[in-house]
Amino acid sequence: MSVLDRNVIDHIYIEEDQIVLGISDDLPWNEDTLAAHWEILQDKLKDYVGYIYSGQLKETYPDLDKTPCIKIFFSEKFQIVVDKYLNKMKLYYKEYGYNLTWTFDPQVK
């Protein structure tokens with residue numbers, strides 16, 4: 001799965017006290033693609049939040065009483081502006097009881 005695949009959860013697993021919904025993002029972050037890439041990522045994040053907010057996550061995993069966490073696995077380094085946006089979104093998601101995290105892993109392709 002990929003950040004390009006809409007309405008699909010790329011990965012889902014348990015990590016400590018969280019149920020992690022992972023996004024695989026292997027698109028490049030350069031000046032020419034920054035805006036388009038950010039829009040694609042935002043759409044994918046909206047899909048994940050919709051999945052959580054609608055109750056589908058609880059329906060699918062009714063026995064798991066864990067905090068939802070959306071984790072983005074970036075395989076390409078991104079610019080500082082992306083980090084700033086992600087940190088703003090992290091605070092926003094926290095208000096709704098979700099966690100947002102990300103990691104850089106060039107192995108993920």
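Start by selecting Asn 7, in the segment before strand 1 (11-15). Helices (H or I, at least four residues) and strands (E, at least two) are DSSP runs, numbered from the N terminus. The model is predicted, so local features need pLDDT of at least 70 and side-chain atom pairs count only at pLDDT 80 or more, while totals for chains, interfaces and linings use all residues. Residues are numbered from 1 along each chain as its sequence is written, and side-chain values use heavy atoms, with hydrogens and water left out.

**Stop 1**

Most residues other than glycine have a negative phi. Is Asn 7 buried or exposed? Asn 7 counts as exposed, because its relative accessibility is 65%. The cut-offs are these: buried is under 20% relative accessible area, exposed is over 50%, and partly exposed is in between (1.4 Å probe, protein chains only).

Now select Glu 16. Find this residue in the loop between strand 1 and strand 2. Glu 16 is not a glycine either, yet has a positive phi of about 55°. With a relative accessible area of 72%, Glu 16 is exposed.

**Stop 2: aromatic rings**

Show the rings of Phe, Tyr and Trp. There are six aromatic pairs in the structure. Rings (for Trp, the six-membered ring) pair if their centres lie within 6.5 Å; planes under 30 degrees apart count as stacked, over 60 as edge-to-face, and the rest as tilted.

Select Trp 29 and Phe 78. How are their planes placed? The pair is edge-to-face, because the planes stand at 70°; the ring centres are 6.4 Å apart. This pair links distant parts of the chain, 49 residues apart. Trp 29 sits in the loop between strand 2 (18-25) and helix 1, and Phe 78 in the loop between strand 3 (67-74) and helix 3. Trp 29 is buried, at 8% relative accessibility. Phe 78 is partly exposed, at 24% relative accessible area.

Ring pairs join Trp 29, Phe 74 and Phe 78 into a cluster.

From Phe 74, go to Phe 104. Their C-alpha atoms are separated by 4.8 Å, though the two are 30 residues apart along the chain. Phe 104 lies in strand 4. Its relative accessible area is 36%, so Phe 104 is partly exposed.

**Stop 3: two lysines**

Pick Lys 77, in the loop between strand 3 and helix 3. Lys 77 is exposed, with a relative accessible area of 62%.

Next, select Lys 90 and Trp 102. Lys 90 lies over the face of Trp 102, 5.7 Å from the ring centre. A charge sits over a ring if NZ of Lys or CZ of Arg is within 6 Å of the ring centre and within 35 degrees of the ring normal.

**Stop 4: the nonpolar core**

In soluble globular proteins, nonpolar side chains tend to be buried together. Here a nonpolar core is a set of buried Ala, Val, Leu, Ile, Met, Phe, Trp, Tyr and Cys residues joined through side-chain atoms within 4.5 Å. The largest one has 24 residues. Select Ile 23, Leu 41, Leu 45, Ile 70, Ile 72, Leu 86 and Leu 100, which touch the most other members. Strand 2, helix 1, strand 3, helix 3 and strand 4 (99-104) each give two or more residues to this core. Which element gives the most? Helix 1 does, with seven residues.

**Stop 5: the largest pocket**

Select Gln 42, Leu 45, Lys 46, Val 49, Tyr 53, Met 89, Tyr 92, Tyr 93, Tyr 96 and Tyr 98: they line the largest pocket. Helix 1 (34-53) and helix 3 (80-95) each give two or more residues to the lining. Helix 1 gives the most, with five. Eight lining residues are nonpolar, one is polar and one is charged.

End on Tyr 93, in helix 3. Tyr 93 counts as buried, at 6% relative accessibility.

Terms used:
1 Å grid on protein atoms, 1.4 Å probe; cavity = no way out; pocket = protein on both sides within 12 Å on 5 of 7 lines; lining within 4 Å. Nonpolar A, V, L, I, M, F, W, Y, C, P; charged D, E, K, R; others polar.
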